[in-house]
Amino acid sequence: MEKRLRIRGSVEEVHSEIVGPNVLEDSVRAKVRRKNLAVFVSGGGSNFKSLHEATVNGFIHGDISVLVTNKPDCGGAHFVRDKGIPVILFPKVKDDSGLSSKDLVNAIRSYKVDFILLAGYLKLIPTELIRAFPRSILNIHPSLLPAFGGKGYYSMKVHKAVIASGARYSGPTIHYVDEEYDRGRILAQRIVPVLPNDTAEELAARVLHEEHKLYKEVVAALCEERIIWREDGVPLIQCKENLSLYK
């Protein structure tokens with residue numbers, strides 16, 4: 001059972017319907033080429049694993065062509081070693097292994113990557129890469145940006161700050177990447193309530209659950225070319241069922 005969200009003006013209609021095996025081969029998907037994806041990770045890679053599963057089971061009309069990490073022994077890197085996905089080390093480390101920014105751009109291009117997805121990558125993305133892939137790099141952040149974002153706000157630090165602030169709501173944000181931490185155009189968000197007696201760990205678990213679902217849905221739309229840009233530079237996601245409606 002899969003929930004679908006349709007928006008007409010300010011009215012949201014959430015309904016459930018049984019998704020049959022032919023839904024993934026609908027008319028929208030049939031018109032677009034399957035996309036190549038690069039994923040950047042620094043840690044365990046739970047969002048990366050979720051995205052990988054979604055490409056394998058057909059939910060996402062794309063394939064992960066390469067993994068980029070600044071920590072070659074992280075969980076994400078270990079996960080792909082038996083899956084035929086190459087791993088790139090970036091940036092350079094003390095022993096001079098790893099790629100420069102220019103070499104990273106060339107390497108990503110060599111895999112014919114269409115979109116870059118950050119999934120817990122903690123380094124600032126180089127300007128060279130942002131300019132080489134305009135409007136093609138997404139990040140997921142565990143708060144409702146612009147609140148609790150920017151340099152130093154990552155992982156459990158975000159959830160502790162949310163609870164300490166007294167905020168009643170949190171949740172993941174997916175945004176385009178620019179030259180600053182967590183400042184690019186917001187593409188999608190999902191609200192998670194902050195409960196009165198929440199610990200940071202409890203809030204983090206609920207937010208992460210929504211992260212996995214939201215990131216898959218957004219990347220599916222990205223690969224199906226269902227993201228359009230308003231004249232004022234705001235990105236919108238078209239509904240698969242009716243491209244004149246937006247999520």
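Reader: Which elements do the buried residues of α4 pack against?

Author: This is a predicted model, so read every value as computed from it. The buried residues of α4 pack against β3 (35-41), β4 (62-69), β5 (87-89), β6 (115-118) and α5 (127-132).

Reader: Which residues of helix α4 are buried?

Author: Helix α4 covers residues 101-110, and its buried residues are Leu104, Val105, Ala107 and Ile108. They span an arc of only 165° around the axis, so they sit on the same side of α4.

Reader: Which residues are exposed on the other side of α4?

Author: Lys102 and Ser110 are exposed there. Look just past the helix too.

Reader: What does Ala107 touch?

Author: Set aside residues up to four places away in sequence. Ala107 then touches Ile88 and Leu99. Ala107 and Ile88 are 19 residues apart along the chain, and their C-alpha atoms are separated by 8.5 Å.

Reader: Now a loop. Where is Ile85, and is Ile85 buried or exposed?

Author: Ile85 lies in the loop between α3 (75-80) and β5. Its relative accessible area is 10%, so Ile85 is buried.

Reader: Which residues is Ile85 in contact with?

Author: Again, leave aside the neighbours within four places in sequence. Ile85 is in contact with Phe48, His52, Ile64, Ser65, Val66, Leu67 and Val80. For a distance, take Asp63. Ile85 and Asp63 are 22 residues apart in sequence and 10.0 Å apart in space, C-alpha to C-alpha.

Reader: Next, a strand. Where is His175, and is His175 buried or exposed?

Author: His175 belongs to strand β9, residues 173-176. At 2% relative accessibility, His175 counts as buried.

Reader: What does His175 touch?

Author: Beyond residues up to four places away in sequence, His175 touches Ile137, Leu138, Asn139, Leu145, Asp182, Arg183, Gly184, Arg185, Ile186 and Leu187. Two of these names, Leu145 and Asp182, come back below.

Reader: Let us turn to the backbone. Where are the cis peptide bonds you would show me?

Author: Read omega for each bond. The peptide bond from Phe90 to Pro91 is cis, with omega near 0°. Pro91 is in the loop between β5 and α4. Another cis peptide bond joins Leu145 and Pro146, with omega about 10°. Pro146 lies in the loop between β7 and α6.

Reader: What phi does Phe148 have?

Author: Phe148 has a positive phi of about 55°, although it is not a glycine. Phe148 is in the loop between β7 and α6. Phe148 is partly exposed, with a relative accessible area of 22%.

Reader: And what phi does Asp182 have?

Author: Asp182 is not a glycine, yet its phi is positive, about 60°. Asp182 is in the loop between β9 and β10 (186-189). Asp182 is buried, with a relative accessible area of 13%.

Reader: How do I read a pocket?

Author: Start with the general idea. Rolling a probe the size of a water molecule over the atoms shows where empty space is left. Now the case here. The second largest pocket has a volume of about 740 Å³. It is lined by 34 residues, and those closest to its centre are Gly120, Leu122, Pro142, Tyr154 and Ser155.

Reader: Which elements each supply at least two residues of that lining?

Author: They are α2 (46-56), β7 (137-141), α6 (156-165) and α7 (200-223).

Reader: How many residues of the lining are nonpolar, polar and charged?

Author: The lining of the second largest pocket divides into 15 nonpolar, 13 polar and 6 charged residues.

Reader: Step back to the whole chain. How many helices and strands does the protein have?

Author: There are 7 helices and 13 strands. The protein has 247 residues, and 45% of them count as buried.

Technical notes. Residues are numbered from 1 along each chain as its sequence is written. This is a predicted model: local features need pLDDT of at least 70, side-chain atom pairs count only at pLDDT 80 or more; totals for chains, interfaces and linings use all residues. Side-chain values use heavy atoms; hydrogens and water are left out. On a 1 Å grid over the protein atoms alone, a cavity is a set of points where a 1.4 Å probe fits but cannot get out, and a pocket is an open set with protein on both sides within 12 Å along at least five of seven lines; lining residues have an atom within 4 Å of a point. Grid points are joined across faces, edges and corners, and a volume is the space filled by probe spheres set on the points. Helices (H or I, at least four residues) and strands (E, at least two) are DSSP runs, numbered from the N terminus. Ala, Val, Leu, Ile, Met, Phe, Trp, Tyr, Cys and Pro count as nonpolar, Asp, Glu, Lys and Arg as charged, and the others, Gly among them, as polar. Buried means under 20% relative accessible area, exposed over 50%, partly exposed in between (1.4 Å probe, protein chains only). The arc is that of the directions from the helix axis to the C-beta atoms. Contact means heavy atoms within 4.5 Å.
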